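Have the structure open while you read.

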Amino acid sequence: MSHDNLGFTSSTDDLDPKRWSSSQPSKNSYDAGHGKSNVFVLELEDKKRSVQEYEEDYNPYDHRAVAHPTTSLETLLHLLKGSLGTGILAMPKAFHHSGYGIGLVATVIIGLFCTYCMRILVTSEYELCKRKRVPSLTYPATAEAALSVGPAPLRPLAKSSVHIINGFLLIYQLGSCCVYTVFIATNLQMAFSSFLPKIDLRLYMLAILVPLILVNWIRNLKFLAPFSTAANCITFISFGIILYYIFREPMSFGSREVIGNVENFPLYFGTVLFALEAIGVIMPLENEMKRPKMFMRTFGVLNVGMGIIVFLYTALGFFGYMRYGKDIEGSITFNLGDPKWLAESVQVLLAIGIFFTHAIQCYVAIDIAWNEYIAPNLEKNSHKLMWEYVVRTSLVVLTFLLAVAIPQLDLFISLFGALCLSGLGLAFPAIIHICTFWSVCGSTEKSIMLAKNMSLILFGLLGLIVGTYTSLRDIIKTFS
């Protein structure tokens, strides 16, 4: 949907007065001893009530026309696959940075923050869709609509917010695909090292380039569902084997830090955000559902999915660090030892699983680049479909070229997590929520909302600045 069609009324006062209730206070109000201020209050209440009735007449879910809607189970699988990527395999390294005590508590807290931010983002989208009377909005469109009715100082930023969020989303999604390319190639290199002479990592990347292009030519999430299911099965089988390596011998808490080095905590924070946050796929997944109401229920897709994800990340991070201690690598798959054939099978299986995750992550980047910026300029072009495939291919090739230049898996995971997801996953949803409900909340509700959301905004900004600086510092140190 083009942003040219996303004009939003500046306030509820701009609604057609004919839609307001006709039951205005009569002259008897004055005669009864009510003052002018009471009449004004009654007028506001009548208008607010009629505006609410106007909004409630329209249910966005009833007007969504999705060509290939996904079921709740398919959406849950997409959510799990979108989150259970390379980040979970880097969690033991993250616990090494934070210490296992801090890691256990902080991972659950950050997981709750992430889930809360996803919920307020979807809630804000639904509210704005009702007011605008449109079936759905993208993340950037939601930000634009929210800021246009928020506090007066933020309203001039409404238009630019679209491009800011699109920029962050593109960087994060393409960065994720870049990390995935490095992960796939590295695991294949380690798995085949016993059978083949030593081959340069870049050649493994080149070998998977054409398959990555082909899987990213799939244009609908519906058709990615079977691959997502297969990838989830592969991932869970691989995790089972990894757990065998972790628990096959008694563990020791010796030399395992309860609290890690404070200056490395931002690396932990960036890695956990990269691992847990699926903010880029949340709204596309919810918008593509056959029964979108199931997404936000107490035991709906979002809560169940994020509950599973937080539990798995916390468990693997803790026990992985307990097993390997300070020797833990950027991915736990690099630490697996004898039996060698079992370790190699895990590396191959996870390479296949992450291969399909690449397509799900790249789906968002393609959607932004094509639908928001390129396709609107090709409406009259007879070769529009061909150009879409050119864009899809170009983005995959771009992630390949970046991957060739990025050999440090754990540091770049932390960088992308801190740089992009502190804003996208924490600060921006809180700002959008404040703006969406700014004009409809009472003073007490507004104070509570501001307290909660400003805390998230400050937490996100702190993580962005400190996490990005720490990651860049270590990257520069590594390359120098």
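This is a predicted model: local features need pLDDT of at least 70, side-chain atom pairs count only at pLDDT 80 or more; totals for chains, interfaces and linings use all residues.

The chain has 480 residues, of which 54% count as buried. As for secondary structure, you'll find 17 helices and zero strands. Looking at contacts with a separation of 6 or more, 84% of them come from residues 24 or more positions apart.

Let's go to a pair of helices next.

| Helix | Residues | Buried residues |
|---|---|---|
| H5 | 91-98 | seven of the eight |
| H7 | 139-147 | nine of the nine |

With seven of its eight residues buried, H5 is largely enclosed by the rest of the structure. The buried set holds Met 91, Pro 92, Lys 93, Ala 94, Phe 95, His 97 and Ser 98.

What caps the N-terminal end of H7? That would be Thr 138, which places a side-chain oxygen 3.2 Å from the backbone nitrogen of Ala 141.

Leu 104, Val 105, Val 108, Ile 109, Leu 112 and Phe 113 together make a nonpolar surface patch of about 480 Å². Val 108, one of these residues, sits in helix H6, which covers residues 100-132. Is Val 108 buried, partly exposed or exposed? Its relative accessible area is 37%, so Val 108 counts as partly exposed.

## A histidine under cover

His 433 belongs to helix H16, which spans residues 409-437. Buried means under 20% relative accessible area, and His 433 comes in at 13%, so it counts as buried. Which side chain makes a polar contact with the side chain of His 433? The partner is Asn 453, at 3.0 Å. Leaving out neighbours within four places in sequence, His 433 is in contact with Ile 120, Ser 124, Met 449 and Asn 453. So if you click on His 433 in the viewer, Asn 453 is the residue to look for as its polar partner, because the two side chains make that contact while His 433 itself is buried.

Conventions:
Residues are numbered from 1 along each chain as its sequence is written. Side-chain values use heavy atoms; hydrogens and water are left out. Helices (H or I, at least four residues) and strands (E, at least two) are DSSP runs, numbered from the N terminus. Buried means under 20% relative accessible area, exposed over 50%, partly exposed in between (1.4 Å probe, protein chains only). A polar contact is a pair of N or O atoms within 3.5 Å; within protein, one must be able to donate a hydrogen and the other to accept it, and residues adjacent in sequence count only if both atoms are side-chain atoms. Contact means heavy atoms within 4.5 Å. Patches are made of residues with over 30% relative accessible area and no salt bridge: like charges are joined within 9 Å, nonpolar side chains (Val, Leu, Ile, Met, Phe, Trp, Tyr) within 5 Å. Accessible areas come from the Shrake-Rupley method with a 1.4 Å probe; for residues, only the protein chains shown count as cover. A salt bridge is a side-chain nitrogen of Lys or Arg within 4 Å of a carboxyl oxygen of Asp or Glu.
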